[in-house]
There are 4 protein chains.
Amino acid sequence: MTRARLRDLGITVGHLPTGRYNAITDVPGISVGYKTLVAERPHVVRSGVTVILPRDDARWEDYAFAGIFSFNGYGEMTGSHWIEEAGLLTTPIAITNTHSVGIVRDAILRYAVESGYAAPFYLPVVAETDDSWLNAAHTFPVKPEHTVEALKSAKSGPIAEGNVGGGTGMICHHFKGGMGTSSRVVETRSGAFTVGALVQTNYGVRQLLRVDGVPVGREIGADRVPLARVFPNEGSGSIIVIVATDAPLLPDQCKRLARRATVGLARVGGTGHDGSGDIFLAFATGNHVPAHPDGAVDLRMLPHDQMDPLFDGTAEAVEEAIVNALTAAGDTTGQEGRMAHALPLDELKAVMKKHGRSR
Amino acid sequence: MTRARLRDLGITVGHLPTGRYNAITDVPGISVGYKTLVAERPHVVRSGVTVILPRDDARWEDYAFAGIFSFNGYGEMTGSHWIEEAGLLTTPIAITNTHSVGIVRDAILRYAVESGYAAPFYLPVVAETDDSWLNAAHTFPVKPEHTVEALKSAKSGPIAEGNVGGGTGMICHHFKGGMGTSSRVVETRSGAFTVGALVQTNYGVRQLLRVDGVPVGREIGADRVPLARVFPNEGSGSIIVIVATDAPLLPDQCKRLARRATVGLARVGGTGHDGSGDIFLAFATGNHVPAHPDGAVDLRMLPHDQMDPLFDGTAEAVEEAIVNALTAAGDTTGQEGRMAHALPLDELKAVMKKHGRSR
Amino acid sequence: MTRARLRDLGITVGHLPTGRYNAITDVPGISVGYKTLVAERPHVVRSGVTVILPRDDARWEDYAFAGIFSFNGYGEMTGSHWIEEAGLLTTPIAITNTHSVGIVRDAILRYAVESGYAAPFYLPVVAETDDSWLNAAHTFPVKPEHTVEALKSAKSGPIAEGNVGGGTGMICHHFKGGMGTSSRVVETRSGAFTVGALVQTNYGVRQLLRVDGVPVGREIGADRVPLARVFPNEGSGSIIVIVATDAPLLPDQCKRLARRATVGLARVGGTGHDGSGDIFLAFATGNHVPAHPDGAVDLRMLPHDQMDPLFDGTAEAVEEAIVNALTAAGDTTGQEGRMAHALPLDELKAVMKKHGRSR
Amino acid sequence: MTRARLRDLGITVGHLPTGRYNAITDVPGISVGYKTLVAERPHVVRSGVTVILPRDDARWEDYAFAGIFSFNGYGEMTGSHWIEEAGLLTTPIAITNTHSVGIVRDAILRYAVESGYAAPFYLPVVAETDDSWLNAAHTFPVKPEHTVEALKSAKSGPIAEGNVGGGTGMICHHFKGGMGTSSRVVETRSGAFTVGALVQTNYGVRQLLRVDGVPVGREIGADRVPLARVFPNEGSGSIIVIVATDAPLLPDQCKRLARRATVGLARVGGTGHDGSGDIFLAFATGNHVPAHPDGAVDLRMLPHDQMDPLFDGTAEAVEEAIVNALTAAGDTTGQEGRMAHALPLDELKAVMKKHGRSR
C-alpha cells in the first residue's frame, strides 16, 4: 500500500544513520499491527486501528518505562495518568480515530482479561486523530474485534505506511496523510542505541510544509490542495507520535525524548494549531520492570549528559516519519465525494533538486 | 437507596454552612443522573454509570472552565489533555467502572453526534474506579445505552447516594462505599458562592478512617471488616472527586480547587495508596464560554486572594461527601459470595459521641 | 533552643515507629545545619538559614534522585526546573526567608565554585517562607556568609527545632512556628527503609489546627492565646517540606512522596491558603548517580506497589514534624513590639488528654 | 552595538508582517533595559543584566497574565511556582548569567520594597544563561546596583541587540550570540494583535544552524568556529525566550504561546540539548489584574480557536529574534584569550542567495 518512502526518492533528512528497516521496528522486540477498514457502502469507511507492542512479551508482564508530552492537547491519549504517575507502559499502544478511542481502549482491556493475563484490570494507552472528513466516522465503523485483529497481526521487520491502520483516513499539510515510520542508530559513551518513531499524521497546512528545510508547501500543490478546507479551523487535525528506543532510560528521560518529537514536527512545518491534538509518547525497552516483582528491581540508566544523540535521533526520526507518511499515502476518495490528494512525488523530487537537496 | 446522611445522624464536619440540599446540585444548573445495574444472573452485576451535567445547556454549547489534579494516577479520566490545555469542560462528565470507561466515553460522543450537536467530535470526560471485587466486571455489563439512560435521568435537587450509578459496587475504607455528595456556601468580598462535591469512593483502609478527626476506623469495624482483603494491595481502589462551583473562576483556579480535594480526602484517611486512582476535577460555572464565539469573550475572575473560602469549602464538602458515601451505602453481597459491610451507623454515632462530636 | 518535642509530652501521632532520633537525620548520611540570626538593633532580626546536605559527599559528586510537588505555589524554590527535568538533586538544599532566597542561592553556587568543585556552575535548591512580621526583613539581614556558616555547621544525629535557622521568625497556625522534624521506619518486601521530614512552618489559621485529629486550635482559641499576625490574608504564610529516604526510588517516585506531604499537612490543618507557598521536595539516597559517569549507571528501584509504607510514613513524619515545630518554638517578640505566642504545652496536654489521646 | 538585523541583509523568515520596530517593544507598554558589563581587569568581564517591564505601571500594581514552558530544564527561572499556580506576572523579568540569578532576584525585590511598593514581598522572575566561557563568571561581577540601573534604563521603541545586557557574553550555534528581538502583527476575528519575542541565546551547535530552512551552519563557519568547544557537552548553553502580546489571553493561553517558542527554536536548529536551559515565558497585557482588587475582575478572552495566528506569529518572532541575535552580535574576545566569532554576514547573504532566499 506504500507508494514510496522518502529515501526511495533519493532524498534524506538529517545526519544520522537509520536502522535496518528505517522503522520503529528496528528497536528490538517491537512489533506493529494494522487493521485497515475500507468500504464503500452502506457508508464510506476509511478508518482503522494501529497497534504497537512494546516488546516480545506474550502476557504483558515485562513493563517498559515511558513518558508523555502533550504539545497541544486537543486530543485523547488514554492511560496518560498512570504513565505520568509511574512511568510504566503496561499494555500495547493503539492509535485509531477520535470516535473510537473508547471502543479500542476497552477492547484491549477485554482482550487481556479474556486471555487470562495477570492483572485484574489494565489502563490501556489509546490515542486518536480525526478522520471524519473522509470517513463516515459518525457511523462508528471501528469495532472491538478490529482491535484484536490488529493485535494479532502485529509483526516486526518492515511495516506498511500511508493509508493503513489508524492512518487510513487522515490528512496532513492538506495532502493525504497516514502512518509513517523511521529510525536512527546513535552512538553514546554507553554504547549504540536505536531510536524509532511511528506517527499517525493528520495535521497542518500546505504552505508550512518543509522537507529538509525546503519550503515544499509553498512551491507545490496549490493546484490540487487549495488552502481552503472544509474544516472550520484549517490547521486542525492532530498528530500522534510514538517514539521507542532500546536505551536504558528512566521515565523522566522518556518524557525528555517525547518532548523532542516537537523538534521533528516543527522541522516539517507543524506549529501545534489550536484544533490539533499533538500528543507524543516515548518508551524505552532497555530496562525491564516485572509486573509483580518480589524485591527491588535492578535497572540501568543512560546518564543524562549522554542523551544528546538520542535527542538528535528522535528529532530526525520523527521528521522523516512524517514525510514518509506523506510519500507513502496515495490519493484517497472519501465520503461525499471528497478527495485527498497525495503529495506528488515527481514534483517533490523536482523542488528538492532545485534546492540542491537530492541526488 | 440512601441509608442515611451524616447530618441525619447528628454529626457534622467542618465549619461552613451547606447549601439547600447539601449536594453538588446546590450549584445552580448542575444535574446528576444515575444508571444503576444490579443483577444476579447470569452474572452478579453490581455496577453502573453516574453522569454530571455541568449546566442547563441542551446542546452542550455553553462551556465551563475546569481543571484537573491527579493526586495518584493509577486510574483513568479521559478528556484530561484538552482540559489541561484549554481549561474547558465541553461535555458531561461520567464516572463508571474501570472496565467500561471506553464504552461510556464513546457513548457520550455518539449521543452528541446523533443528537446533531454542533461539533464534529467531542472529547468526553469519563473516570472510573474498579468494582471487580463485588461485580462481575470481566463480563462487561455496562453498555452504551446505560450511559444514555444516565444522561436522560439527570436532575437537579436532592440526589441519591451510596449504592447507585458508578458507585454501586465500590468499597471504601473496607466498608461499602459508593456515591456521596455535599456542598458549602461561602462568602467572599465578591459575593457568596456555592461549592459542591460529588465523589465515587473506592479507596482506603479501615484503620485510617476518621470522621471529624475521630479515629473511627480504629474503634469500629474490626469484627466485620478485618483488614485482610482479597486485593493484593489492600489500600488499592480509587476515588474520583468532582468539585463544582458557581464562582467565576479561571481554569488555573479550577485546578487550585481540584488540588484542595486532597485535603478533604486526607482528613477522612486517604493517603493516595499506590493502587488508587485519585483523580480530581473541578469546574466553575460562573463564566460562560460559548462553543463558537465570534469575538473575544467577556469573563469575570474571582481574585486569587479571595479564594480561601472556596478552598476551605472544597475541603469540607469533599470530606463530608466521602463520609456520606459511607453512611448512605448499605450492605452489599457480590460475586463469589463476597460481602461488603456497610459502616454501622449506631456504632459510628456511639464513637462520635464518646469523642464529644455528636449531639 | 527546643522547648519540647511532641513525644516528650506523651503524645504521638501515627502508627509507625520512628527512627533513632525521630529526625530527618535518621536517614543515613543526611546532615542539617543552621545559622540563626537574632539581633535587637539597629533592627530587630529574627531570621536565618537552614541547610540540608543530602549525603556525606564532600564535593557534591554523588547525586540523589529528587522530585518536587507544589501544593500551592505562592512561594519560591529555586532549582526546580532541573529537578523536574532530570530528577537529580545536585546541591545542598537551603531554606531561608523570602527576601534572601537569591543571596543564599548565589552563595551556595559561589561556595562550590570557590571550593573547586567540578561543575562550571550549579543550580542550587533554595526555598523560603516569609518572616517579615517578626523580622525586619526589609533590612535584608541575611548575608552570603551566613549560608556558608550554615553549611559548615551541618551535622547528623539529633538536631534543633523551633526558633532556629530559617525558622527563627516564623508563625504557624497563629502560634510561633519554625523548624520541625520527624522520621519513620517502614517495612517493605524489599527491606526496611527510613523516611524523614524537615519542615519550615509559617502557615495556617488557629481554628484549623489539629493534633492526631483533635481540634486543638478550636480549644486553645484566641481567647486563650492571642493570635500572631494581622495580615490581610490571615492564612498566608507558607510551609516548606523536605522529605528524605534511603529507599532506592526513582525521580517519579520521589515526586509521589513529595505529594504525600500534603496528607501530613492536611492532618494538622493546612488547606493551602492562597498566600501560602506550600512547596515540597522529596529525595532518595538509595541510588547513587555520579556527577560524571562514563557509562550507564546501575540503579535499583523499589517497585511502585511496595511504596505504600513509604507513603504512610511520609504522611506521619510530616504531620509530626509540623507539630514538633510548634511544641519546640518558644514565645518570640519581634519588630514593632509584635509578639508570637508559643503553643502552650500544658494546655495542649490537657486538650489531648480530654480527647483520650495522651497517656 | 548592533551589527545588523536580519532584514537589513535582505533576508526574511516567515510570512507575517512585523510590528513597527520588529521588536518586543512593539507590544504597547513594554520596555526593555540593559546593563552591559565589559571590563578587562582585574578580570575579563563580558556580562550584564537585561530587564523587561511588562507595562507602564510605575508601582507594579497592574498584573499581566503569564505562562511558562520549560522545553529543557537545565537552567533557572525564579518565580516559576507562582506563575504556574496563579498565572500572574507581578514583577519585571530579568535575564542575566547563571552565577547571578540570585543577586538579581533579590535586587528586584529590594528595589520594590525600598520604593515603597505595596506588597510586603515579591517573587521576581529572573532567568539565566551561562557566560562562563568568555566571562570571568567565577568572580561574580554582576552586582545588585546593576539590576537597578537596568530597570531605570528601560525604554520602549527600538532596542539594542547582540552583545548587550545579559547577552553580552553568550555563544549561539558556536557563533557569538546574545540578545535578539522580533515581532509580528496578526489578524484574528477579534481584531489585530502584536506578538513580540526577546531572546537571550546561548545554545546550539553550528552544523544544525538554519535560516529559513537553509542549512547555513553546514555551509559556513567551519573555518572559524570548529565544532570542538571547550565545553564538555558541546551543545550546552541555554536559551531564554520571553514572548509578549497585547491579546487578551488567559494564563493557560500564555502557556500555549510559550510552548510555541519551541517551534521557532527548532526552525533555527535547536534540539534542547541536555545541558541547555531552554525555558520560555509568555505574558499577555490584554487583561489587567489589579494587585488589590475589591471584587471580581472583568476580563476578556481571545477564544482558543482564534489563537492560530498568535501561534504562527510566536514561532516566526522567536525564529527571527534568534537569528537577529546572531547577526547583531559582533566578534568578542573573552577570558583566557578565548574568541567568539560573529556569524559572518557576507557569507550568510551569499549562502541565502545561493538557496534563493534573499533579494
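Predicted model: local features only at pLDDT ≥ 70, side-chain atom pairs only at ≥ 80, totals over all residues.
1. N324(D) belongs to helix α6 of chain D, which spans residues 308-328. A polar atom of its side chain lies 2.8 Å from the backbone oxygen of T181(D). Leaving aside residues up to four places away in sequence, N324(D) touches A4(D), R5(D), L6(D), N22(D), E161(D), G180(D), T181(D) and S182(D).

2. The next point concerns strand β9 of chain D. Strand β9(D) pairs with strand β10 of chain D (residues 191-201) in the antiparallel sense, over 10 bridges. Together β9(D) and β10(D) make a hairpin, with 2 residues between them. Within this pairing, S183(D) has G196(D) of β10(D) as its bridge partner.

3. What joins strand β9 of chain D to helix α6 of chain D through charged side chains? E316(D) and R184(D) form a salt bridge, with the closest N and O atoms 2.7 Å apart. E316(D) lies in helix α6 and R184(D) in strand β9, and the pair links distant parts of the chain, 132 residues apart. Both partners fall under the 20% limit for a buried residue: E316(D) counts as buried because its relative accessibility is 4%, and R184(D) because its value is 0%.

4. A second salt bridge within chain D may be set beside that one. The side chains of K35(D) and E149(D) meet at 2.8 Å, N to O. This pair too links distant parts of the chain, from strand β1 (residues 31-39) of chain D, which holds K35(D), to helix α3 (residues 144-153) of chain D, which holds E149(D), across 114 residues.

5. R259(A) forms one with E85(C), the closest N and O atoms being 3.0 Å apart. The pair crosses from helix α5 (residues 251-268) of chain A, where R259(A) sits, to helix α1 (residues 80-86) of chain C, where E85(C) sits. Over all chains, the count comes to 83 salt bridges.

6. The interface of chain A and chain B takes 38 residues from chain A and 38 residues from chain B. About 3,200 Å² is buried between these chains, 59% of it on carbon and sulfur atoms. Y74(A), H81(A) and F121(A) supply 22% of the area that chain A buries against chain B, more than any other three residues. How many salt bridges lie across the interface of chain A and chain B? The rule finds 0, whereas 18 residue pairs are in polar contact.

7. On the side of chain A that touches chain B, the elements β3 (62-73), α1 (80-86) and α2 (101-114) each supply at least two residues. The largest share, 8 residues, comes from α2(A). By class, this side has 16 nonpolar, 15 polar and 7 charged residues.

8. Chain D gives 38 residues and chain C gives 38 residues. The area buried between them is about 3,200 Å², of which carbon and sulfur atoms give 60%. In chain D, Y74(D), H81(D) and F121(D) lose the most area to chain C, together 21% of what that side buries. The count between chain D and chain C is 0 salt bridges, against 18 residue pairs in polar contact. On the chain D side, β3 (62-73), α1 (80-86) and α2 (101-114) are the elements that give two or more residues, and α2(D) provides the largest share, 8 residues.

Notes
Residues numbered from 1 in each chain as written. Chains lettered and ligands numbered in written order. Heavy atoms only, no water. Contact = heavy atoms within 4.5 Å. Buried area = accessible area lost by both parts, 1.4 Å probe. Salt bridge = Lys/Arg side-chain N within 4 Å of Asp/Glu carboxyl O. Polar contact = N/O pair within 3.5 Å; in protein donor to acceptor, adjacent residues only side chain to side chain. Helix = DSSP H or I, 4+ residues; strand = E, 2+ residues; numbered from the N terminus. Nonpolar A, V, L, I, M, F, W, Y, C, P; charged D, E, K, R; others polar. Pairing = 2+ DSSP bridges. Buried < 20%, exposed > 50% of the residue type's maximum accessible area, 1.4 Å probe, protein only.
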